[in-house]
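Subject: Structure handover

Hi,

Here is the structure I promised to pass on. My notes follow below it.

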Amino acid sequence: MLDTVINGLSSLSGWEVFAALLGVGYIIFAARESQWCWPMAFVSTLIYTLLFWEGQLPMQALLNFYYMGMAIYGFVLWRGHKQAENNLPIHSWSLQFNLAFLTIGSVLTLVVGYYLLQYNASQQPYLDAGITVFSVLNTWLMARKVLQNWLYWVVIDAAAVVLYLDTAFYATAALFTLYTVLASAGFVNWIRLYRQQTAFPASSN
């Protein structure tokens, strides 16, 4: 297994390594509430869009194309609030909103997973669908600075590790293992920032 992972890492292209490093930078900068996380995300997903398209993975290419649009949205949103009198503060969703989010994501996962199953378009149709659907939805939560987005990323990234291990993408599985750890660290950091904003509301202005 270790030899397989090492061989997988050594076979990565320079562009893929660069995109992965930018992805790590995106998570680190996002955890610090830096607007510069979004340009990193844009370039990273642009590279992945091209790589996945050339690799005949159209769904993953479309997902990363969506990420590109969300990177622009997130940068404009965070930068706009940064320059205005009122920053966009970190906020926590209620249980009701989280349940609605999970319900919508689960229904969409079942629909997309059923489609993939019927057309034999994925080795793991429902797992693949769930990761894609919740990634799309959760990117919007990140842009809106919803605290729980980090917890959802932990689950999404961990599920991606399982998917990539099962489909023999060992190098990518190793990368998403790192993403899972970084998402956990991001949640811890945002909890600290959220408590500071709650204790001193004026500091977020």
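A question to start: does Glu 33 count as buried or exposed? Glu 33 counts as buried, because its relative accessibility is 18% and the cut-off for buried is under 20%. Bear in mind that this is a predicted model.

Glu 33 sits in the loop between H2 and H3. Setting aside neighbours within four places in sequence, Glu 33 contacts Trp 78, Leu 88, Ile 90, Lys 145, Trp 190, Leu 193 and Gln 197. Two of those names, Trp 78 and Trp 190, come up again in the core below.

Now the overall picture. The protein chain has eight helices and zero strands. Read from the N terminus, the order is α-α-α-α-α-α-α-α. The chain has 205 residues, and 44% of them count as buried. Take the contacts with a separation of 6 or more: 68% of them join residues 24 or more positions apart.

Next, the core. The largest nonpolar core holds 49 residues. Those with the most contacts inside it are Tyr 26, Trp 38, Trp 78, Met 142, Trp 150, Trp 153 and Trp 190. At least two core residues come from each of H2 (14-31), H3 (37-54), H4 (58-83), H6 (125-143), H7 (149-166) and H8 (170-199). H8 gives the largest share, 10 residues. As background, nonpolar side chains tend to be buried together in soluble globular proteins.

Trp 153 is worth a look in your viewer. Met 142 is, like Trp 153, among the core residues with the most contacts.

Last, the surface. Leu 110, Tyr 114, Leu 117 and Tyr 126 make up a nonpolar patch. Together they have about 420 Å² of accessible area. Helix H5 (residues 95-118) gives the most to this patch, three residues. Leu 117 belongs to helix H5. Is Leu 117 buried, partly exposed or exposed? Leu 117 is partly exposed, because its relative accessible area is 45% and that class runs between the 20% and 50% cut-offs.

Best wishes

Definitions and conventions: Residues are numbered from 1 along each chain as its sequence is written. This is a predicted model: local features need pLDDT of at least 70, side-chain atom pairs count only at pLDDT 80 or more; totals for chains, interfaces and linings use all residues. Side-chain values use heavy atoms; hydrogens and water are left out. Helices (H or I, at least four residues) and strands (E, at least two) are DSSP runs, numbered from the N terminus. Buried means under 20% relative accessible area, exposed over 50%, partly exposed in between (1.4 Å probe, protein chains only). Contact means heavy atoms within 4.5 Å. A nonpolar core is a set of buried Ala, Val, Leu, Ile, Met, Phe, Trp, Tyr and Cys residues joined through side-chain atoms within 4.5 Å. Patches are made of residues with over 30% relative accessible area and no salt bridge: like charges are joined within 9 Å, nonpolar side chains (Val, Leu, Ile, Met, Phe, Trp, Tyr) within 5 Å. Accessible areas come from the Shrake-Rupley method with a 1.4 Å probe; for residues, only the protein chains shown count as cover. A salt bridge is a side-chain nitrogen of Lys or Arg within 4 Å of a carboxyl oxygen of Asp or Glu.
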